[in-house]
Amino acid sequence: MFLLAAAALLSIDAFPELPAPIAAELKSRGCRVPQATGLQRKHNAVQGEFAAPGQKDWAVLCDVKGITRLLVFWKGEGARPMEVNASETSEVRVIGVATQQFIRDHYRAYGGPKPPALDHQGINDVVVEKGSSVLYFHRGKWLWLTGSD
C-alpha cells in the first residue's frame, strides 16, 4: 500500500489539471504537493463535490516549510481557500474523494460520529500507517467522520 516517507514534493506545475486561479494561489503561497512513496500516479490534488451536489471543488495538500495544509477551493476559484487541517510534513498524508457510500460503509464498520444526511462527497484524509478521517462539510462547518484504521 504505502511506505512511511514522502518521496517528493512536486511543484504546482506538475498538476496542469488545476484551474489557473487555484494554481496561481498555490504558487503565491509557495506550495509544493507532497507525494507518498509506493503510489504510481501523482496525488494530493483532487476534485470533488465537497460542499454541495454538482459543485466542483478542489482539495490540495500544500507543503510550505515543513507544514502541510489541506486547502479547499470552492467552485474551482482561487480566492480565499479554506484551510481545513495542518500537520508537520513528517506525517505522510494522502487525500482522496470519500463517496457517500464510503462514508456510510465506514460508519457501519467502525462506528464513530453518526454522519448527517449525505448529499455530497467528503475528503478522505489518510495519515499513512495510522488511519484516516473523513472531512464532511455540513451546515457551514467541517465534521470529522470515521475513516479507515
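A residue counts as buried when its relative accessible area is under 20%. The structure shown is a predicted model.

**View 1. Strand β8 and its two faces.**

**View 2. The strands paired with β8.** Strand β7 (residues 93–98) pairs with β8 in the antiparallel sense, over 6 bridges. Within this pairing, V94 has V126 of β8 as its bridge partner. β8 also pairs with β9 in the antiparallel sense, over 5 bridges, and I123 stands opposite L135 in β9. A hairpin is formed by β8 and β9, with 3 residues between them. E129, in the turn, has a positive phi of about 65°.

View 3. The whole structure holds 3 aromatic pairs. W74 and F137 form a tilted pair, 4.9 Å centre to centre with 45° between the planes. W74 lies in the loop between β5 (67–73) and β6 (82–88) and F137 in strand β9 (residues 131–138), so this pair ties together parts 63 residues apart in sequence. The ring centres of W74 and W142 are 5.9 Å apart and the planes are at 15°, so that pair is stacked. Ring pairs link W74, F137 and W142 into a cluster. F137 is buried, with a relative accessible area of 15%, and W142 is buried at 14%.

**View 4. A lysine over a ring.** K42 lies over the face of F15, at 5.3 Å from the ring centre.

How values were computed:
Residues are numbered from 1 along each chain as its sequence is written. This is a predicted model: local features need pLDDT of at least 70, side-chain atom pairs count only at pLDDT 80 or more; totals for chains, interfaces and linings use all residues. Side-chain values use heavy atoms; hydrogens and water are left out. Rings of Phe, Tyr and Trp (its six-membered ring) pair if their centres lie within 6.5 Å; planes under 30 degrees apart count as stacked, over 60 as edge-to-face and the rest as tilted. Helices (H or I, at least four residues) and strands (E, at least two) are DSSP runs, numbered from the N terminus. Buried means under 20% relative accessible area, exposed over 50%, partly exposed in between (1.4 Å probe, protein chains only). A charge sits over a ring if NZ of Lys or CZ of Arg is within 6 Å of the ring centre and within 35 degrees of the ring normal. Two strands pair if DSSP finds at least two bridges between them.
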